[in-house]
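Subject: Structure handover

Hello,

I am passing on the structure below, together with notes on what turned up in it. Please read the notes with the model open.

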Amino acid sequence: MSKSAEILKLTARKAVMIGSRKTQKGGDHSVNVQAEQVTVNTGLSIAHVKEIALEVFEGNFYKLAGVAKETADERARQITDQFLQELAEKNPEGLKASEDPDFQHSLFQTQKEYARCGDKELGDILVDILVDRSKEEQRSLLQIVLNESLTIAPKLNSIQLDILACCFNIAYTKRLDIVNSKTFEDYLNNAVLVFADAVGEKDSNYKHMEYVGCASIRAGSRDILKTLMKQYKAIFCKGFDREALGELVKECPSIRSVVIPNLHNVNLFQAGGMDDEVIKNICAKNSIPEEAMNKLIQLNNKNMMSQQEATEYLQSKCPKFEKFMADVKNSSFKNLELTSVGIAIAHAHSRKKVGFDADLSIWI
């Protein structure tokens, strides 16, 4: 087989065609196919992929007229440029995805939805999801979820997006970079409460999220305060005094190596480690006997804040916390459980709005 024939075979790909437009344009060394096929070039430059992307849009989008057509075409170019810029920065290898029919469909879905509404926030989310989609070459669960997210995200408004992100960040994540009261307060203010104004909005928002398939409203409720106190236990430790520490040191002098000043009172002490499992791991690394380790954990747990004390502490450090808890109590937020699609959308929204940085594959 000649090289040119081989190129033709590799690059011609079928794609779903919604419109019936027959005219196509192609750059140098491209293969133009009419009707139910679209052009896919062998070159993987940004310019080449952009040409493919815009041709997919032109061949598939609804036939509009006048200003509406001009607006849609301009929005399609904007979202395509934004996608290619982020793809080049985050996953340049993803350029080859332009040859895949399923990815072309996902790309067109993004163009179509942004062309319809032009909403910047939605466009950012769709691009973020599409860049993640470019990394998935196999038909994995993650690929399926990302494809579905591109369809579901446009069905949500900004209030519903904020509710998803708020729920995701407080109930589905555990931040490993929280090491003291300051980093915890920053997390709560800047990754949770920044979305919290949406929580107390109309309950129909929750019903709509359930309807489109990104969340469910379960019978049982989630205790937000208990969740925080469990995930970030060290933050809510009041500490023990020097006398109590001395008793531990008598039995195990090396226990000092795993004890730190209390996060709220430098004259008191607490175990180093955000929760019991982390404390156990630290003790194991420092060769602390199991009996001494258990006594340290018991002493730590004996000196935890009550729920009332924890509430007062959070209200003093996080101005929005009191209203947030009241809204949680009076809404379906406490009953909200995210689906895989809801998690993907919340993850993308968090990444775009507050710079959340973690791979989606952790959850899906």
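To begin with helix 10 (224–231): the elements that cover its buried residues include helix 7 (158–171), helix 8, helix 14 (307–317) and helix 15 (321–329). Here, helices (H or I, at least four residues) and strands (E, at least two) are DSSP runs, numbered from the N terminus. Contact means heavy atoms within 4.5 Å. Buried means under 20% relative accessible area, exposed over 50%, and partly exposed in between, with a 1.4 Å probe and protein chains only.

Two notes on the source. This is a predicted model, in which local features need pLDDT of at least 70, side-chain atom pairs count only at pLDDT 80 or more, and totals for chains, interfaces and linings use all residues. Residues are numbered from 1 along each chain as its sequence is written, and side-chain values use heavy atoms, with hydrogens and water left out.

Overall

The protein chain has 16 helices and six strands. Of its 364 residues, 47% count as buried. Among contacts between residues at least 6 apart in sequence, 74% join residues at least 24 apart.

Helix 10 is largely enclosed by the rest of the structure, because six of its eight residues are buried. Those six are Ile 224, Leu 225, Thr 227, Leu 228, Met 229 and Gln 231. The N-terminal end of helix 10 is capped by Asp 223, which has a side-chain oxygen 3.2 Å from the backbone nitrogen of Leu 225. This is a polar contact: a pair of N or O atoms within 3.5 Å, where within protein one must be able to donate a hydrogen and the other to accept it, and residues adjacent in sequence count only if both atoms are side-chain atoms.

Ser 221 sits in the loop that runs between strand 3 (215–217) and helix 10. Leaving out residues up to four places away in sequence, Ser 221 touches Lys 334 and Asn 335. Ser 221 and Asn 335 are 114 residues apart in sequence, yet their C-alpha atoms are 4.6 Å apart.

Pocket and cavity

On a 1 Å grid over the protein atoms alone, a cavity is a set of points where a 1.4 Å probe fits but cannot get out, and a pocket is an open set with protein on both sides within 12 Å along at least five of seven lines; lining residues have an atom within 4 Å of a point. Grid points are joined across faces, edges and corners, and a volume is the space filled by probe spheres set on the points.

The second largest pocket has a volume of about 340 Å³. It is lined by 18 residues, and the closest to its centre are Arg 175, Asp 177, Tyr 187, Ala 191 and Phe 356. Helix 8 (residues 181–192) gives the most to this lining, with five residues. By class, the lining has nine nonpolar, four polar and five charged residues. In this count Ala, Val, Leu, Ile, Met, Phe, Trp, Tyr, Cys and Pro are nonpolar, Asp, Glu, Lys and Arg are charged, and the others, Gly among them, are polar.

There is one cavity of 30 Å³ or more, and the largest cavity has a volume of about 30 Å³. Helix 12 (276–285) and helix 13 (290–302) are the elements that give two or more residues to the lining of the largest cavity. Residues in that lining include Lys 233, Cys 237, Asp 276 and Asn 301. The lining divides into five nonpolar, three polar and three charged residues.

Cysteines

A search of the whole structure finds zero disulfides, a disulfide being a pair of cysteine sulfur atoms within 2.5 Å. For Cys 283, the nearest cysteine sulfur is that of Cys 252, 8.3 Å away. Cys 283 counts as buried because its relative accessibility is 0%. Cys 237 is also buried, at 0%.

Gln 143 is in helix 6 (residues 141–152) and is buried, at 6% relative accessibility. Its side chain reaches the backbone oxygen of Glu 136 at 3.0 Å. Beyond neighbours within four places in sequence, the contacts of Gln 143 include Asp 102 and Arg 133.

Asp 102 lies in helix 4 (residues 101–117) and is partly exposed, at 31% relative accessibility. With residues up to four places away left out, Asp 102 touches Arg 133, Gln 143 and Asn 147.

Regards
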